[in-house]
Amino acid sequence: MLILRGQKVSEGIAIGPATVLTALEVKVKEAFVPPEKVEAELKRLRRALDRTARDIRDSLDSQSDAVGEVRQIIETSLQFLGDEYLIGSIESRIRTKHFTAPYAVSDAIHEMAARLQAIDNPTFSSKVADMIDIEHRLLNHLVGGGVGQLPKLERQQIVIADDITPAQATSLDREKVLGFATERGSWASHTAVLARGYRLPAVVAVAGLTEAARLGAMVVIDGHEGLVIIDPDEDTLAHYRALRRRRKRRTNVSSQMRTLSAETQDGERVKLLANIETRADVPGVLEAGGEGVGLFRTEFLFLGTARDLGEEEQFDVYRSAAEALEGRPLTIRTIDVGADKFDGRHGNQREPNPFMGERAIRVSFRKEEFFRTQLRAIMRAAAHGNVRMMFPMIMDLGELRRARAIVERARRELEESGKVHEPDLPIGTMIELPSAALNAERIAKEADFFSIGTNDLTQYTLGVDRTNHRVADRYATHHPSVLRLIKMIVDAGRARRRTVSICGEIAGDPVFTALLVGLGVREFSMAPSFIPEVKRTLRGLFVSHCVQIAERALKAVDAADVEGLLALRRR
Ligand code: PEP
Ligand code: MG
């Protein structure tokens, strides 16, 4: 058994035999045409360009069910074909150097791709895959079919490859592909976006993958943890089969639960919202019966990108998400980069203790221009739906005031430019620092709502780095110290009639639903796939019983004590 770690890009568990795709690089022979054939060669190129464009349009039509971002990717390929610089450099190779059309295409595209690759940035690398894709498509028309195409899958398999271009991903038979893993790629790559759009478990950037995988070997893709397991032993296989069954049950539960109301046996209504990272996640929220989005982690729109998204681009994403939610809430959290969500951009340096360093709102305060751009895009989107704005890592009321003052400046800018916007959208804050929890009463005076970020609240309260496996056994959101802070935050919010939501991972774990309800939480936000199970659990609870559990948990001496309490309850 070999366990390889990569970057998780699309959730889910896939188990099956591997098909290993070898490098898809196409070598085109150096070849030339005599001067009198140059015009004919240019015509041949134009024909290939037209036909390729037609193919792409056809594939767009055949993917009429594709979510917005999948369509966008296919449309990007079309834009490449219209790129004057690229086409110009292919044509000039034919005209001045007398290259054959296939050689000119290959040479020009590879030169451009090499330049992009040299920039050493994941977004540029992902563009390289897009360009190679266009090369393959053009060569198919110039020299015959089959260039760069994936072999047809005969049965359900896991696809393992060095990299997969977006076109290859769109051409994959979705009935046959269980999931995929690649040695290259990145979270932001188009192929990763497609995997999420198609809901295929996927892990990328897995070092040593193609070397280790063999055709037909049993493989597990764990899209939750970012693992690829080759030749799993019996225990591991059994573990993952059980996990997959649980997920499947969740899907079944999902269809049963979708239309049922999220309320306890004694009629207490609880809101179940979803956490999302991209616009493409929205359909999954609705399918799972989510009542809206409690946390849109917008940093994923920026991580690994070559440049920051401008106001218009951000506005498009937020507006489209808000519209797709059809009046349900969309809680947009301003960018939370830094710490583990580090990409060397936004002017931040590697820090000695990054979780204690410049992250989230601290970066936004330093880069006010960039921050205001995001705030303007959010306020404009708020004119198209039920949008709420939220800040990450606020420490005290002073910081909330500082953020709100910047919102005010952004609002004035919108007014001056005459752009349609919603100036009075609800503005809330994450409570994820013990400092904010201890100051919750004061912060509640000026925040429209709270969202408790228990992932960070736990690490900062217990002094346990949430990403460090050496201390992973000490990381427990159900530790009584964290529970006490949650209770304080809920009480402070309630006293001012503020909605208090919880959006850390604990919100999606049904084992803790009763405890959280007992602490007074009435709004949960979690990965969409957890919603049905949490709803089912919730529908079996009585609030009075939940309160008893919470009271006892608050008096517990440590996390194990709380576990004992919950285990007792389950017996
Ligand atoms: C949290 O800290 O609980 C949270 C939801 O934010 P993130 O996981 O994005 O830090
Ligand atoms: Mg957080």
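Student: Which residue of β8 stands opposite R5?

Tutor: In this predicted model, R5 faces L227 of β8.

Student: Why is β1 called an edge strand?

Tutor: The open sheet has eight strands in the order β1-β8-β7-β3-β4-β5-β6-β2, with mixed pairing. The strands β1 (2–5) and β2 (7–10) each pair on one side only, and they are therefore its edge strands by the pairing criterion. From one strand to the next, the twist averages 30°.

Student: What makes the other sheet a barrel, and which strands form it?

Tutor: Eight strands close in the order β9-β10-β11-β12-β13-β14-β15-β16, with parallel pairing. Neighbouring strands there are turned by 25° against each other on average, direction ignored.

Student: How do you know that β15 and β16 pair?

Tutor: Two bridges join β15 (residues 499–502) to β16 (residues 523–526); the threshold is at least two, so these strands count as paired. They run parallel, and I502 has F524 of β16 as its bridge partner.

Student: Which helix lies across β13, β14 and β15, and at what angle does it run to β14?

Tutor: Helix α18 (residues 480–495) lies across β13 (427–431), β14 (449–452) and β15. Its angle to β14 is about 165°.

Student: What makes the approach of R297 to ligand 1 a polar contact?

Tutor: A polar side-chain atom of R297 lies 2.8 Å from an oxygen atom of ligand 1. The cut-off for a pair of N or O atoms is 3.5 Å, so this pair qualifies. A backbone N or O atom of T454 at 3.1 Å and a polar backbone atom of G453 at 3.4 Å also face an oxygen atom of the ligand. Of the 290 Å² that ligand 1 exposes when taken alone, the protein buries 99%.

Student: How is the shell around ligand 1 made up?

Tutor: The ligand is surrounded by 15 residues, divided into three nonpolar, four polar and eight charged. The elements giving two or more residues are β10 (293–297) and α17 (454–462); α17 gives the most, with three.

Technical notes
Residues are numbered from 1 along each chain as its sequence is written. Chains are lettered from A and ligands numbered from 1 in the order in which they are written. This is a predicted model: local features need pLDDT of at least 70, side-chain atom pairs count only at pLDDT 80 or more; totals for chains, interfaces and linings use all residues. Side-chain values use heavy atoms; hydrogens and water are left out. Helices (H or I, at least four residues) and strands (E, at least two) are DSSP runs, numbered from the N terminus. Axes are lines fitted to C-alpha atoms, for helices over the stretch in contact, and angles run from 0 to 180 degrees between N-to-C directions. A residue is near a molecule or strand if one of its heavy atoms lies within 4 Å of it. A polar contact is a pair of N or O atoms within 3.5 Å; within protein, one must be able to donate a hydrogen and the other to accept it, and residues adjacent in sequence count only if both atoms are side-chain atoms. Accessible areas come from the Shrake-Rupley method with a 1.4 Å probe; for residues, only the protein chains shown count as cover. Ala, Val, Leu, Ile, Met, Phe, Trp, Tyr, Cys and Pro count as nonpolar, Asp, Glu, Lys and Arg as charged, and the others, Gly among them, as polar. Contact means heavy atoms within 4.5 Å.
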